[in-house]
Amino acid sequence: MSVTYLPLQAWNKHWQLDGQRVRCRLCRSVQDLTQASAFTHAPYCKARTVEAQYPSRELATLLQQKIRLGLF
Ligand SMILES: [Zn+2]
């Protein structure tokens with residue numbers, strides 16, 4: 001049952017919500033939650049991956065899962 005909380009914890013390890021924006025915890029780059037484009041890290045950021053990252057989309061999916069499971 002605690003398993004359902006893990007995805008959000010994992011998300012929180014890399015990202016941080018700041019009002020309407022999502023921030024990379026490593027490079028402090030921010031992106032507006034409503035922005036549909038891939039997240040842009042600082043060039044030196046170790047959290048950068050080859051694949052494009054969509055933290056706000058991931059968060060939305062996680063929250064929808066929680067709502068569906070009745071956790072909210
Ligand atoms: Zn970063």
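Author: Let us begin with the sheet. Two strands are taken to pair if DSSP finds at least two bridges between them. This is a predicted model, and in it 3 strands form an open sheet in the order β1-β2-β3, with antiparallel pairing. β1 and β3 stand at the edges with a single partner strand each, so one side of each has no neighbour in the sheet. On average, neighbouring strands of this sheet are turned by 25 degrees against each other, direction ignored.

Reader: How many bridges join β1 to β2, and which residue in β2 is the bridge partner of Gln 16?

Author: Strands of a sheet pair through backbone hydrogen bonds, either parallel or antiparallel. Here 4 bridges join β1, residues 15-18, to β2, residues 21-24, and the two strands run antiparallel. The partner of Gln 16 is Arg 23. β1 and β2 form a hairpin with 2 residues between them, and Gly 19 in the turn has a positive phi of about 60 degrees.

Reader: What is the phi of Arg 28?

Author: Most residues other than glycine have a negative phi. Arg 28, in the loop between β2 and β3, has a phi near 65 degrees, a positive value in a residue other than glycine. Arg 28 counts as exposed because 12 C-beta neighbours lie inside 10 Å.

Reader: Which residues of β2 lie on the covered face, and which on the uncovered one?

Author: In a regular strand the side chains alternate between the two faces of the sheet. In β2 the covered face holds Val 22 and Cys 24, while Arg 21 and Arg 23 are on the uncovered face. For the chain as a whole, 8% of the 72 residues count as buried.

Reader: At what angle do the axes of α1 and α2 cross?

Author: The axes of α1, residues 6-14, and α2, residues 55-68, come within 10 Å and cross at roughly 160 degrees. An angle over 145 degrees counts as roughly antiparallel, and α1 is therefore roughly antiparallel to α2. The crossing of α1 and α2 is left-handed.

Reader: Which residues meet where α1 contacts α2?

Author: Pro 7, Leu 8 and Trp 11 in α1 meet Glu 58, Leu 59 and Leu 62 in α2. The residues of this contact divide into 5 nonpolar, no polar and 1 charged.

Reader: Let us turn to a loop. Where does Ala 38 lie, and which residues does Ala 38 touch?

Author: Ala 38 lies in the loop between β3 and α2. Not counting residues up to four places away in sequence, Ala 38 touches Ala 52, Gln 53 and Tyr 54. Ala 38 and Gln 53 are 15 residues apart in sequence, yet 5.3 Å apart in space, C-alpha to C-alpha. Ala 38 is partly exposed, with 13 other C-beta atoms within 10 Å.

Reader: What share of the contacts in the chain with a separation of 6 or more comes from residues 24 or more positions apart?

Author: Such residues account for 20% of those contacts.

Terms used. Residues numbered from 1 in each chain as written. Predicted model: local features only at pLDDT ≥ 70, side-chain atom pairs only at ≥ 80, totals over all residues. Axes fitted to C-alpha atoms, helices over the stretch in contact; angles between N-to-C directions. Parallel < 35°, antiparallel > 145°, perpendicular 65-115°, else oblique. Left-handed = near helix turned anticlockwise from the far one by under 90°. Contact = placed C-beta atoms within 7 Å. Nonpolar A, V, L, I, M, F, W, Y, C, P; charged D, E, K, R; others polar. Buried ≥ 20, exposed ≤ 12 C-beta atoms within 10 Å, placed from the backbone.
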